[in-house]
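Me: Please go through the model below with me, taking its pockets, cavity and surface in turn.

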Amino acid sequence: MDLGTDIGNSWSIGVNGDLNLVSDEDNICQAIANRLGTYQPSLAVFYTAYGGFLNSFFGRKKTQETLDFMRIEINNILSQEPRLETYNLDLSYDDEGKVHIDLRLDYNEEYEDVELNLVLSENGLEVIED
């Protein structure tokens, strides 16, 4: 399975003057973060169903029930990614009320399992680098 190549979200310039690219595991992680961080109607002109409605959960009580509804929405968003085979998803609130999304992508022998850690807040989605 080819996980693809795309322009990096940092929009940084490489040594040869071209934009830096991300490939393989970095590309799938970037694609997932882009999908999770996109409010679905914002790209309706270009895509019929890209992203989701995670931002609609802010302002609700920080309960397990809310996390369960967020899990359903995240699963719906992740089902849009054709390269994603299987994954494990954990959600939790921190002391500030931000949602931590811990995602482990499972692949065949060609790629190692990939871990993606994100924090979702009212200010958007942030990828946590190890």
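Me: Which strands each supply at least two residues of the lining of the second largest pocket?
Reply: This is a predicted model, in which local features need pLDDT of at least 70, side-chain atom pairs count only at pLDDT 80 or more, and totals for chains, interfaces and linings use all residues. Residues are numbered from 1 along each chain as its sequence is written, and side-chain values use heavy atoms, without hydrogens and water. A pocket is, on a 1 Å grid over the protein atoms alone, an open set of points where a 1.4 Å probe fits, with protein on both sides within 12 Å along at least five of seven lines; a cavity is a set from which the probe cannot get out, and lining residues have an atom within 4 Å of a point. With strands taken as DSSP runs of E of at least two residues and helices as runs of H or I of at least four, numbered from the N terminus, the suppliers are strand E5 (114–121) and strand E6 (124–128).

Me: How do the residues of that lining divide by class?
Reply: The lining of the second largest pocket has 13 residues, with Leu36, Gly37, Asn55, Leu120 and Gly124 nearest the centre. Ala, Val, Leu, Ile, Met, Phe, Trp, Tyr, Cys and Pro count as nonpolar, Asp, Glu, Lys and Arg as charged, and the others, Gly among them, as polar. The division is 6 nonpolar, 6 polar and 1 charged.

Me: What space lies in the largest cavity?
Reply: The search of the whole structure finds 1 cavity of 30 Å³ or more. Its lining includes Phe57, Arg60, Met70 and Tyr93. A volume here is the space filled by probe spheres set on the grid points, which are joined across faces, edges and corners. The value for the largest cavity is about 50 Å³.

Me: Is Gln40 buried or exposed?
Reply: Gln40 lies in the loop between H1 and H2, and its C-alpha atom is separated by 6.3 Å from that of Phe53, 13 residues apart along the chain. Buried means under 20% relative accessible area, exposed over 50%, and partly exposed in between (1.4 Å probe, protein chains only). Because its relative accessible area is 18%, Gln40 is buried.

Me: What is the relative accessible area of Phe46, and is Phe46 buried or exposed?
Reply: Phe46 is placed in the loop between helix H1 (24–36) and helix H2 (64–78). With a relative accessible area of 64%, Phe46 is exposed.
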